[in-house]
Amino acid sequence: MNNIFINSRTHFVFFSTHSIFFSCLEALLEEINNLELDETDPDVDLLKRNAPVLNAILAENWRLAAPLSSHINCASVDLYYKGYTIPKDTFLLFDIHAHNTLNEERYKKAEDFRFERWLPK
């Protein structure tokens, strides 16, 4: 499990994860230290609007380690795929992790942690 903890009193960020996140640690620390956080829990709306690095790290983490590993759907019609017939009313299980980590057309270097892909342009 990857965890990011933000302490509003010290503006310290703690990672409990693999070393892949250390590439963004400096940028995240700078961003969090520049936010005006009060002594209560951080304002989620403030973090959504003013913490692009944090949001990019979370998005990339969820892309690589999705909270749900799969998605289920039911075929509403007969489907034909590469010579196979998938009958109507068949439940299909889609592997989100494989889609996010093997799809080089959608994500360049899809297997790599690259939070920069989610930063505003």
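**Salt bridges, core and confidence**

Reader: Is Glu 60 buried or exposed?

Author: Glu 60 is buried, with a relative accessible area of 0%. Buried means under 20% relative accessible area, exposed over 50%, and partly exposed in between (1.4 Å probe, protein chains only). This is a predicted model, in which local features need pLDDT of at least 70 and side-chain atom pairs count only at pLDDT 80 or more, while totals for chains, interfaces and linings use all residues. Residues are numbered from 1 along each chain as its sequence is written, and side-chain values use heavy atoms, with hydrogens and water left out.

Reader: How many salt bridges does the structure hold?

Author: There are two, a salt bridge being a side-chain nitrogen of Lys or Arg within 4 Å of a carboxyl oxygen of Asp or Glu. In one, Glu 60 meets Arg 63 at 2.8 Å, N to O. In the other, Glu 60 pairs with Arg 117, with the closest N and O atoms 3.1 Å apart.

Reader: Where do Glu 60 and Arg 117 sit in the chain?

Author: They are 57 residues apart and link distant parts of the chain: Glu 60 is in helix α3, and Arg 117 is in the segment after α4 (96–102). Helices (H or I, at least four residues) and strands (E, at least two) are DSSP runs, numbered from the N terminus. Shared partners join Glu 60, Arg 63 and Arg 117 into one network.

Reader: And how far apart in helix α3 are Glu 60 and Arg 63?

Author: They are three residues apart, so about one helical turn separates them. Arg 63 is buried at 3%, whereas Arg 117 is partly exposed at 21%.

Reader: Changing topic, which residues have the most contacts inside the largest nonpolar core?

Author: Among them are Leu 28, Ile 32, Leu 54 and Phe 113, in a core of 15 residues. Such a core is a set of buried Ala, Val, Leu, Ile, Met, Phe, Trp, Tyr and Cys residues joined through side-chain atoms within 4.5 Å. Two or more residues each come from α1 (22–34), α2 (44–50) and α3 (52–64). The largest share, five residues, is from α3.

Reader: Where is confidence lowest and highest?

Author: Strand β2 (residues 12–16) is lowest, at a mean of 42, and strand β5 (residues 84–86) is highest, at 94. The score is pLDDT, the predictor's confidence in each residue, from 0 to 100. Over residues 1–19 the pLDDT is below 50, yet this stretch has 40 contacts in the model beyond near neighbours in sequence, counted as heavy atoms within 4.5 Å. The protein has a mean pLDDT of 79, with 81% of its residues at 70 or more.
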